[in-house]
Number of protein chains: 2
Amino acid sequence: VKVELGERSYDVVVGEDALDRLGDHIRQLAAGGRVVVISDSTVASLYGEHALSSLRAGGLDASLLSFPAGEPNKTLATASSLFDRLFALHPPIDRDSVVVALGGGVPGDMAGFVAATALRGLRWVQCPTTLLADVDASVGGKTGVDHAAGKNLIGAFHQPRGVFIDVRTLRTLDDVQLRSGLAECVKHAMIRDKSLLAWIDERAGKISEREAESLAELIARNVEIKASVVAADERESGVRAHLNFGHTIGHGIEAQAGYGAITHGQAVALGMIAACRIAERRGLVDVSLRERLASLLDALGLDTRREGLDADAIWRIMQHDKKARAGKVRFVLPTAPGEVDLFDDVEEPAVREAIANLG
Amino acid sequence: VKVELGERSYDVVVGEDALDRLGDHIRQLAAGGRVVVISDSTVASLYGEHALSSLRAGGLDASLLSFPAGEPNKTLATASSLFDRLFALHPPIDRDSVVVALGGGVPGDMAGFVAATALRGLRWVQCPTTLLADVDASVGGKTGVDHAAGKNLIGAFHQPRGVFIDVRTLRTLDDVQLRSGLAECVKHAMIRDKSLLAWIDERAGKISEREAESLAELIARNVEIKASVVAADERESGVRAHLNFGHTIGHGIEAQAGYGAITHGQAVALGMIAACRIAERRGLVDVSLRERLASLLDALGLDTRREGLDADAIWRIMQHDKKARAGKVRFVLPTAPGEVDLFDDVEEPAVREAIANLG
């Protein structure tokens, strides 16, 4: 799948042997240069050697830097420790060196941030190993670390030179994380492609069984959707906001629960249900869309209800979201199956009612 | 002066009241948004109130964040502390907020780095207050912090939306720092404009007396040269390397002396003399160019000789420069007055001889 961004365009390769072919791919990028794989402790132990041996078989001088797994470690302090190790490598890295991000969202964001800022920007490639990273973080060039005041507050847009998705890595993904990624797939279908809604519905069983062919097709279709949205709006000033469908309330739910207490995808699933309800109340869509969404999420093993949500706290968090502008919360609401639009005039009572109805 | 970078083009305004007009300029950028001035302790105490009152007179909500002055504080740890204060501001900053970099090279690089990475990139403007920053850092969009392994190893290219140079701020600059900036002016003349060489020669007295009109013209002419080079090569992959004339050996001298023991410009002045000598030995130019350069530097109060340089240490540092690629040191050598070219085949003995001759 090609991500069209002018001179920053790149390919996303989806396959069952993408990690084996990594060395061949990167050799073309890093002529004679060093390659530094950045991963977290979990993924490094699963796939670190695989990636290094593929790179070395490609004739490349490759090193692996890993950091402790988990979102709480996605900080500037961890980046600082990675810089210390990066700049201590022998022979030293230079502007021809290439960073490989190996892992899910956290290692991807961290490695991308280090690549974006080491020597004022090194080339990098992504090897996502979770479904969420495959269909979301693999397209868009967002990199960054968290700050005590919020997620991803420190970062940069830095497009990778290529993305290599090896679907075999999904075999070691736990069910909860697989479902988290599936919620983003449903989101892509809801905002752009009603035929994908039907396709996921039909394949829900095979997807849950992790049949390689279904996963590869699912990933490719989702990458296409995300790539088309990002290509239309690389710097997130317009239609790219459609990708936030389900995220406005979803982020609030995620933050209020405390990160880790609920997966990103599960929170987005609830956020999508709430957004459908707000849209119904405005007469944008009828109740059947929400019912269809709920049934699809349910078939994929995602919860469509959650007890004990604190509407006050969620509303407050939403207003501090970094995507809020001048204190205004912008909502993405469905207008038809596979279509959404932006609304700046959603008021607090409508949001509260939608959250209350999730309980 | 216009810096032509396509959709990232911006204006550099040079004048005697640029700080007074800051509020007017930025109001057009930051419609209703917040403005955060980032400066160091020295410049904040001299010009912080001036900048804030200009911004507030323009109807803007402005805050000032300052950090301890000095290159040793240009670190990721200082950036981290600035992020803590930036994200604690009320009302919170958002993507419409604008960062103002107020000060010389260190506050400029630091504020630019914070702007480049806060919320994945805020708009920023520069108000340089040293001659070196006026003619060098004000064009190019380089931002960054130092690492124990080297200067500016962590950073990003992030073009400002405008640069406002108030020549009155040069009145508080000490002589040593003024001369440091003058060395970069001579460098610009040496690489691109032999008529500027003659002009500086003629005005050396007025420049040293800090006559406002001469300084304004000097700055404008230098910004034009730098802007034309950067416009031709924004990401530093080709002719922008010409700006490194005098810097290859100069950085080595600076690092070996220990930062602060010699100004950047003084080190570059020596580096230019050494580069001229290497060029003479290759038959690129005759000795008269080096003599003319030395006489001009001398008229501006810059040293053209230095005892006790350690050629071994300087050579080693040069090979670890972040601009070195695959261990190769690239030299910028003069080919005529006002002209330079790149050379990848300068060998160690020629470099040692040129360094020895500085003593």
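In which crossing, left-handed or right-handed, does α6(A) pass α8(A)? The points below take up this question and then other sites in the two chains.

This is a predicted model, in which local features need pLDDT of at least 70, side-chain atom pairs count only at pLDDT 80 or more, and totals for chains, interfaces and linings use all residues. Residues are numbered from 1 along each chain as its sequence is written, chains are lettered from A and ligands numbered from 1 in the order in which they are written, and side-chain values use heavy atoms, with hydrogens and water left out.

1. Helices α6 and α8 of chain A. The crossing of α6(A) past α8(A) is left-handed (the near helix is turned anticlockwise from the far one by less than a right angle). Helix α6 (residues 175–192) packs against helix α8 (residues 212–232) at an angle of about 55°, their axes lying 10 Å apart. That angle makes α6(A) oblique to α8(A). Angles under 35 degrees count as roughly parallel, over 145 as roughly antiparallel, 65 to 115 as roughly perpendicular and the rest as oblique. Axes are lines fitted to C-alpha atoms, for helices over the stretch in contact, and angles run from 0 to 180 degrees between N-to-C directions. Helices (H or I, at least four residues) and strands (E, at least two) are DSSP runs, numbered from the N terminus.

2. Residues of that packing. From α6(A), Leu182(A), Glu184(A), Cys185(A), His188(A) and Arg192(A) meet Leu218(A), Asn222(A), Ile225(A), Lys226(A) and Val229(A) of α8(A); contact means heavy atoms within 4.5 Å. By class, the residues of this contact are five nonpolar, two polar and three charged (Ala, Val, Leu, Ile, Met, Phe, Trp, Tyr, Cys and Pro count as nonpolar, Asp, Glu, Lys and Arg as charged, and the others, Gly among them, as polar).

3. Helix α3 of both chains. Helix α3 (residues 76–86) of chain A packs with helix α3 (residues 76–86) of chain B at about 170°, with axes 11 Å apart. The two are therefore roughly antiparallel. Leu76(A), Ser80(A) and Phe83(A) meet Leu76(B), Ser80(B) and Phe83(B), and the contact has four nonpolar, two polar and no charged residues.

4. Glu234(A). This residue lies in the loop between α8 and α9 (247–257) of chain A. Glu234(A) counts as buried at 15% relative accessibility (buried means under 20% relative accessible area, exposed over 50%, partly exposed in between; 1.4 Å probe, protein chains only). Its side chain makes polar contacts with the side chains of Arg8(A), at 2.7 Å, and Gln159(A), at 3.1 Å. A polar contact is a pair of N or O atoms within 3.5 Å; within protein, one must be able to donate a hydrogen and the other to accept it, and residues adjacent in sequence count only if both atoms are side-chain atoms.

5. Val125(A). Strand β6 (residues 123–128) of chain A holds Val125(A), which is buried at 1% relative accessibility. Leaving aside neighbours within four places in sequence, its contacts include Ile26(A), Leu29(A), Val99(A) and Phe164(A).

6. Backbone features. The peptide bond from His90(A) to Pro91(A) is cis, with omega near -10°; a cis bond also joins His90(B) and Pro91(B), with omega about -10°. Arg120(B), not a glycine, has a positive phi near 60° and is buried, with a relative accessible area of 4%. Asn152(B), also not a glycine, has a positive phi of about 55°. Asn152(B) lies in strand β8 (residues 150–157) of chain B, and its side chain makes a polar contact of 2.6 Å with that of Lys74(B).
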